[in-house]
Amino acid sequence: MPQIDKKILFHISGHGFGHACRIIEVIKELSKLAPAIYPIIKTSAPLWLFEMNLKSPYQYFYQVNDIGVVQPDGLHLDKRATLATWKTFLSHKEKIIKEEVSFIKEENISLVVGDIPPLAFDIAYQAGISGLALSNFSWDWILKYYVQEYPEYQSILPIIETAYSKAHRLLRLPFYGDMSCFKHIVDLPLIARRSLSDPRKIKQRLGISPDNDRKIILVSF
């Protein structure tokens, strides 16, 4: 392991693998540009995803950082259950922040990066370090439409918005939604994985002629 200069704490949403895959690409580039930076990852995304994709040193902790959206399966969502679960999660806000601030101080962490759990920025703010957001949407943007249907959960929105407002910067990615609760925004290009597979073999697996030179887009959820 190279000499550790600075530690960065990554709080990653475990709702789907997209947040984790995006941060994995960021960590890969960081390991090339600044190998003395040591990533500490906290997420409910599975460890095997990081083991499969990251070759540089890091530390992983399984931790639920946000709720995302409650889904009974991959194509359906439960709005009321989503709001109720967020409300329960946020009721433990002070305990979560206190524990994470202690961890930051014990580990001498220099920066928190969040994609895109709101409490990550409350935590960084209370720890006296910068919190950097990376995303093209925030959970308040998603949940405000759910709250229109279930207004009894209105109280969770200002908690989430206030937490996001404490981010030092938002690195905003393309195709973004309303992220107006962030005070300082810097726009970035897309961050995505590049396939290492042979395009001809992919076409064969999809039943497409390998000699077909037309651009092909696979839309998947």
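Predicted model: local features only at pLDDT ≥ 70, side-chain atom pairs only at ≥ 80, totals over all residues.
Residues are numbered from 1 along each chain as its sequence is written, and side-chain values use heavy atoms, leaving out hydrogens and water.

**View 1. Serine 13 sits in the loop between β1 (6-12) and α1 (18-33).** Helices (H or I, at least four residues) and strands (E, at least two) are DSSP runs, numbered from the N terminus. With a relative accessible area of 0%, serine 13 is buried (buried is under 20%, exposed over 50%, partly exposed in between; 1.4 Å probe, protein chains only). Its side chain has a polar contact with the side chain of aspartate 66 at 3.1 Å (N or O atoms within 3.5 Å; within protein, one must be able to donate a hydrogen and the other to accept it, and residues adjacent in sequence count only if both atoms are side-chain atoms). Leaving aside residues up to four places away in sequence, serine 13 touches residues including His19, Thr43 and Trp139 (heavy atoms within 4.5 Å).

**View 2. Helix α5 (residues 119-127) is largely enclosed by the rest of the structure, because seven of its nine residues are buried.** Among them are Leu119, Phe121 and Ile123. The cover over the buried residues includes β1, β4 (111-115) and α7. Just after α5, glycine 128 takes a positive phi of about 80°.

**View 3. Glutamine 154 belongs to the loop between α6 (139-149) and α7 (156-165).** Glutamine 154 counts as partly exposed, at 43% relative accessibility. From C-alpha to C-alpha, glutamine 154 and leucine 143 are 9.4 Å apart, and they are 11 residues apart in sequence.
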